[in-house]
Amino acid sequence: MNVRAVAAQVIYQVVDQGQSLSAALPPAQQKVAPRDGALLQEICYGVLRWLPRLESITQSLMDKPLKGKQRVFHHLILVGLYQLNYMRIPAHAAVAETVNATKVLKKPQLRGLINAVLRNYQRNQEALDAAAVAHDAGKYGHPGWLLKLLQKAYPTEWEQVVEANHEKAPMWLRVNRTHQTRDAYKTLLDETGIETAIHPEAEDALKLATPCDVTALPGFSEGWVSVQDAAAQLSVDYLKPQTGELILDCCAAPGGKTCHILEHEPTAKVVAMDVDATRLTRVEENLKRLKLDAQVICGDARTPGEWWQGEQFDRILLDAPCSATGVIRRHPDIKWLRRADDIEQLVSLQSEILDAMWAQLKSGGTLVYATCSITPQENAEQVKAFLTRTSDAALETGTTEQPGRQILPGQENMDGFYYAVIKKA
């Protein structure tokens with residue numbers, strides 16, 4: 001199928017129907033030729049990164065908006081504008097292929113409209129671009145509520161956060177140390193012609209200079225290496241699994257951290273729990289590929305009595321449900337699917353899970369609270385509140401005023417992430 005037509009359908013599903021990009025894109029990629037999969041992804045990610053700017057230009061070019069059954073053609077215009085503004089595709093090819101998409105989308109009568117809008121943009125691009133960035137949403141590519149939150153939380157860093165959110169995320173690898181060291185695998189990649197860089201802190205992490213298909217990585221199917229951001233890999237450094245311990249990975253799907261724990265300490269008895277049965281299949285697939293063994297349980301973290309009757313855990317990694325505002329560069333749809341009131345609801349849920357998990361932790365045990373969020377409400381403020389109401393909890397990272405560690409997007413090329421290590425007295 002025409003890549004632009006498929007891209008318009010994906011963006012329609014995300015923006016108008018509220019589907020996540022990670023759910024809408026993979027089946028769409030099956031509709032296009034394998035060589036066009038990367039192009040489809042680039043267009044979809046790009047439109048969602050710069051949605052307000054492209055919307056503003058479209059409104060300036062249209063006498064009235066496209067609605068109802070014609071709504072997907074509104075998104076087709078966004079697809080055309082993105083190509084003309086941000087991609088190296090020759091303008092005539094971008095316009096022609098976008099116009100041709102009207103036939104695939106079964107509205108060839110809109111061919112003239114799409115062509116006229118895109119040609120008009122080409123003629124007046126400078127003025128239209130300037131008008132589109134005259135307001136904050138267009139200039140910064142973030143919804144107003146999120147921009148205000150970032151400005152309040154990070155008064156001297158918010159612009160760097162916004163800029164990092166627009167960058168293409170690097171591809172980080174996690175080397176399975178049960179097979180070989182990171183340095184040995186780096187040498188193997190060097191010999192294969194794949195350039196990498198090490199991380200100053202995450203001991204198993206390698207960053208690819210150029211992302212590639214996992215099938216190009218030596219030993220991937222044999223479990224030598226996995227794809228995981230360096231920030232997420234730090235979880236095992238904070239958890240510090242020890243020989244023979246009973247460890248819970250709470251909210252474990254898709255299982256990267258579960259596997260990393262076992263790669264560090266194969267003798268640990270690891271329980272991987274998540275509320276989403278469908279996503280737990282990914283945990284099992286990852287364990288199988290890496291030839292690792294963990295007990296996989298479907299359950300609600302707020303009610304552990306319903307799914308766990310065993311002894312208390314030595315260590316718990318709580319990768320809590322969160323706003324995912326630290327991984328926007330990987331999931332630009334988050335900006336448009338999240339709402340301001342989601343944060344309050346998530347904070348309440350996280351608080352319930354924290355209390356429930358604390359009761360499952362042995363005296364002297366360690367709980368690592370983690371999120372891929374950068375909102376203080378979900379992170380430092382959440383941990384502060386927990387410490388205030390929990391007499392036997394002792395903080396081991398950060399200070400009383402700034403508990404835990406907040407990693408911002410782009411720091412050491414990592415995703416945004418938060419960690420707090422809490423010891424049970």
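View A. Arg282 lies in helix 16, which spans residues 277-290, where helices are DSSP runs of H or I with at least four residues, numbered from the N terminus. This is a predicted model, in which local features need pLDDT of at least 70 and side-chain atom pairs count only at pLDDT 80 or more, while totals for chains, interfaces and linings use all residues. Residues are numbered from 1 along each chain as its sequence is written, and side-chain values use heavy atoms, with hydrogens and water left out. With a relative accessible area of 45%, Arg282 is partly exposed; buried means under 20% relative accessible area, exposed over 50% and partly exposed in between, with a 1.4 Å probe and protein chains only. Leu280 is also found in helix 16, but Leu280 counts as buried at 6% relative accessibility. Leaving aside residues up to four places away in sequence, Leu280 touches Ala253, Ala272, Asp274, Val296, Ile297 and Cys298, contact meaning heavy atoms within 4.5 Å.

**View B. Helix 6 and its buried face.** Helix 6, formed by residues 91-104, has 14 residues and reaches 21 Å from its first C-alpha to its last, close to the 20 Å expected at 1.5 Å a residue; the expected span is 1.5 Å times one less than the number of residues. The buried residues of this helix are Ala94, Val95, Thr98, Val99, Ala101 and Thr102. Seen down the axis of helix 6, they fall within an arc of 140°, so they line one face of the helix, the arc being that of the directions from the helix axis to the C-beta atoms. On the other side of helix 6, His92 and Lys103 are exposed. The cover over the buried residues includes helix 1 (3-15), helix 5 (71-86) and helix 7 (111-123). Just after helix 6, Lys106 takes a positive phi of about 65°.

**View C. The largest nonpolar core.** Of the 49 residues in this core, Leu21, Leu40, Val47, Phe73 and Leu81 touch the most other members; a nonpolar core is a set of buried Ala, Val, Leu, Ile, Met, Phe, Trp, Tyr and Cys residues joined through side-chain atoms within 4.5 Å. Each of helices 1 to 8 supplies at least two residues of this core, and the largest share, nine residues, comes from helix 5. Leu40 touches Val3, Val6, Ala7, Leu25, Ala28, Gln29 and Val32, again not counting residues up to four places away in sequence. Apart from this core lies another, of 48 residues, among them Ile247, Val283, Leu292 and Ala294.

**View D. Aromatic pairs, with Tyr140 and Trp158.** A search of the whole structure finds eight aromatic pairs; rings of Phe, Tyr and Trp (its six-membered ring) pair if their centres lie within 6.5 Å, with planes under 30 degrees apart counted as stacked, over 60 as edge-to-face and the rest as tilted. The rings of Tyr140 and Trp158 have their centres 5.1 Å apart and their planes at 70°, so the pair is edge-to-face. This pair links distant parts of the chain, as Tyr140 is in helix 9 (residues 136-140) and Trp158 is in helix 11 (residues 158-165), 18 residues apart. Tyr140 is buried, with a relative accessible area of 13%, and Trp158 is buried, with a relative accessible area of 12%. Elsewhere, ring pairs link Trp50, Tyr82 and Tyr86 into a cluster.
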